[in-house]
Structures are given as structure tokens and as C-alpha cells.
Amino acid sequence: MQFSLADDGGKKTKKPNVLVILADDLGYNDVSFNGSKEIPTPNIDRIANEGVHFTNGYVSYAVCGPSRAGLITGRYQDRFGCGRNPLWAPNDINQGLALSEETIADVLGREGYKSMALGKWHLGAHEDLRPLNRGFDEFYGFLTGGHNYFPEELTLSDISKVTSQFHAYKTMMLHNNTRVKETEYVTDGLSREAAKFIENNSDEPFFMYLAYNAPHSPLQATQKYLDRFSHLEEGKRKTYCAMVSALDDGVGRVLETLEKEGIADNTIVIFLSDNGGPLKYKTDNGALREGKGSIYEGGIRVPFAMRWPNKIKAGTVYDEPVISLDIMGIAVAYANASPKNQIDGVNIVPYITGDKKGVPHDELRWRMFDKKHYAVRRGDIKYINKTNRKNGKVSQEYYDVKNDISEAKPLNLSASDKEDLQANYDSWVEQLLNPKYLGLGQDKKYTELHPNRYNTVVY
């Protein structure tokens, strides 16, 4: 199998490595490159400063599971019924990423890429839905939507001991299909394993999906990181800041390993959060309206940066809207890979470099099925439609999110513009499926329907 790609001079070079670093519930303004004065993030900033900073970077959903399903497939998750946060239900093959879908690892694997998933999976706990059955060669992490950080709290040696949705936060880490004892703060442990994989696979193209659970709850940090914020009062914000600092250290370790192995120039590194920061945990979304779970900018616009020294000029700022679905578009383009399913993501690199004119997306769209909220962004205009589930009343809002990032000044569009936005959304939604499983919001109902939910084999 050929692991090469023609460069601009006609020579053969190794296909680029692809490394996605995904933070969990990170506030828009909680990285220095987006303006944070409280949390120094020099390592995360390197990705933006040595590559491109996206000022209008979005994810495809405002909470964890559906957002990850979109990212890992390059397709709007509602196309395949993943419009809810999966529950912990290891007996249920429908609770997670639909088997009809290919992951980035599946597609790149056909082109000779080795791949590893680290950290938070949250795309299904059933055996057939786990990373090693979704294209990945190696896995180190956990299957749940969140996890405890202190190793002494990881006390459940197998999933048969899990007795409730959030009890799974205490499972021991999985290395491939084997439970292992982690000895470090989990964020540090994930960084260690990521560096190890890079060292062991630097001679061939690889894809790494490094999905930190930081700074998702529970808010837990070691004294090492808390001491960096001794000037802050004790409480949620201080611990949150410490968790982000640990995440930044991990990013630094990964970048240093790429440099040490001599492969930094030919590695596409993408950093983003899976959704906006949850305000109840004292995250900072800056001027954005609301946060995690919201169709407003605070729920879906995230810190987003990419570095690829072989292609992208350092210090680039890109202002047109991009979305997490584009990660698949980039990966398959430079691996010369062909996904089996039609993807919604676009190779945005030629737009960033100026080799391609225009914009990557005419429109971006979001649907939150259970909330009956949806939104469309076309150019600078964003359309929001919300249905009050109690009285059925529909409200429609329009904003210029370029000049009004806080969505504070509603626009009065012409009737024809309103109709056009609605018609395009209606055409799109006809392509989507209703959620195929009950999600986190229906935890109690799911348990009533599946009383043997936690009766599982040892694994």
C-alpha cells in the first residue's frame, strides 16, 4: 500500500498525519487566543498562532454526544438518527453512533493509516459500538459521557458493577478491551498515552482522536494545577481554570512529541471544543449569548484552531464560518480517501490558503429535536426558530452575527428573505431522521422500559 502524496514539486511525501484534540465543555473565552486574561493557554495558543485561528468555528450540536457523532463522521448527525445524548446502555446496540456510518478512522484505515482514540468516547457502550469496532486500532479511555479524574476514584473493575447512569464515571480505564489501573490524574494520563502512540507510529501516517474529558464535570483538579490559580477564590471557577491548565499542558506534551519525532510539519493538528461552555460551571463564553445546550452562539460557536506548517501560513485568521464536520473533509482530501457515505464536511484548507475563492458553506444548520429549536446561518445572518413546548407558540429571530456576536439586536428582514431561509431549512430537514434512541433527558423512562439495563457481562 502506498503511503504517499504528491507535493507541489512533484515529489512523493508521506500522507499527512491527522490529530484532532477535542476539549469538553470549554468556554469560548477560556483560551488565550480568544481573549482569556485569566487562563494562560500557551500550548493551545501555539496551534492558532502557528496556523489558523477560526473566528467563526462551529460544532454541529450544542451538547456532547450528537456533536461528536457529527465530527467523527463528517455528516450532520440527524441524517442517521443521532440527535440525542446517548445513555449508558451497554446492552443496547442502538444507543450510540449508528452502524450505517463510517468514522474518520474507518475511512483513513483503508488508506493505511493507523489510528487511536483516547479519552471520552460517548458514541455507544455496546460492544459493537466501541472504538475498536469503529475503525480504530487502539483505544485508551472510557465509554461514558463523563468520568472522574482522580485515579483513586476509578474503582469499578468492569461494567457489570455499574448500577446507574453516572455510576459509570467510576469505571477503570480501558486499554483496548482490557481494564487497566491508571495512576495519574486522568488528563495527564491521556496526554501520556497520546505521546506514546505518536512515538510508536511516527514512521507511518496516523489519525489520532484525542478527546479529553476536561474541563467537563466533575470539577476536579490536582494541587499542581490549583496552585497556578492561588490568586482566585476557592470554588468552581478556580478548579475549572486548573482543569483547563492541565489540558493545556497535555497539548504541549503532544506538540513537543511531534517536534521530537520530526513530524510536526506534516501533521494536521485541529483543536476545538465539543460545544460551548455550561454557564453553571463558571465557564466564560465571552460576548456569546447563553452556553451549552443552547441554539444561540454560546452553545455552538467554539474555540477552533488548526496547524499544518506544510500548508498553512502561521498567524492566519479565517473569518468565514466553518464547522466540525469539515474535519472529515480535510482528512479524506489529503489521504486520497473515499467515504462510502456523502459527507457534509468540506476541505477548507484551499479556502484558508486563498487557493479557492468563495466560502466553504452557503449555509450551516442546527436542529435540536427535543427542544424544538433550530437555526440557520447564511453569510452573516442567523435565523433562529423556537417552539414553546408548553403552549406551542413559535418565535422567530434574526441576527447579524458578524456585527452582533451577542445576538442582542434582532433584525427585521424582508418577507422574501424570511421565506427563503425557512424554505431552505425545510428542504434540509426532509433529509433527516428523528432520534433513534431515548437520550439523557429520558434516562428514567429508558430504565422503566429496560429494567435489565445494567445487567451486563464483565468487560
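Which residues line the largest cavity?

**Entry 1: largest cavity.** I worked on a predicted model throughout. I began with the cavity search, which returned two cavities of 30 Å³ or more. For the largest cavity I noted a volume of about 60 Å³. I then listed its lining: Pro86, Leu87 and Trp88, then His122, Gly124 and Ala125, then Leu143, Thr144 and Gly145, and finally Gln165. I sorted this lining by residue class and got five nonpolar, five polar and no charged residues.

**Entry 2: second largest cavity.** I recorded a volume of about 30 Å³ for the second largest cavity. Its lining consists of Phe54, Ile270, Phe304, Met306, Asp326, Ile327, Ile330 and Ile348. By class I have seven nonpolar residues, no polar ones and one charged. I also looked up which elements contribute to this lining. Strand S12 (304-307) and helix H8 (326-334) each supply at least two residues. H8 gives the most, with three residues.

**Entry 3: the sheet.** I traced an open sheet of 10 strands with mixed pairing. I wrote down the strand order as S9-S8-S7-S6-S10-S3-S11-S12-S4-S13. At the edges I found strand S9 (178-180) and strand S13 (316-318), each with a single partner strand, so one side of each has no neighbour in the sheet. Ignoring direction, neighbouring strands of this sheet are turned by 15° against each other on average.

**Entry 4: S3, S10 and the helix across them.** I looked at one pairing in more detail. Strand S3 (residues 17-23) and strand S10 (residues 206-211) run parallel and are joined by five bridges. One residue I checked was Val18, whose bridge partner in S10 is Phe207. I then asked what helix H2 (residues 64-73) lies across. The answer is S3, strand S6 (114-120), S10 and strand S11 (267-273). I noted that H2 runs at about 170° to S10.

**Entry 5: Thr187.** Is Thr187 buried or exposed? I placed the residue first: Thr187 is found in helix H4 (residues 186-200). I logged Thr187 as buried because its relative accessible area is 0%, and the cut-off for buried is under 20%. Next I looked up what Thr187 touches, not counting residues up to four places away in sequence. The contacts are Tyr149, Tyr212, Ala214, Ala246 and Leu247.

Technical notes
Residues numbered from 1 in each chain as written. Predicted model: local features only at pLDDT ≥ 70, side-chain atom pairs only at ≥ 80, totals over all residues. Heavy atoms only, no water. 1 Å grid on protein atoms, 1.4 Å probe; cavity = no way out; pocket = protein on both sides within 12 Å on 5 of 7 lines; lining within 4 Å. Points joined across faces, edges and corners; volume = space filled by probe spheres on them. Nonpolar A, V, L, I, M, F, W, Y, C, P; charged D, E, K, R; others polar. Helix = DSSP H or I, 4+ residues; strand = E, 2+ residues; numbered from the N terminus. Buried < 20%, exposed > 50% of the residue type's maximum accessible area, 1.4 Å probe, protein only. Contact = heavy atoms within 4.5 Å. Pairing = 2+ DSSP bridges. Axes fitted to C-alpha atoms, helices over the stretch in contact; angles between N-to-C directions.
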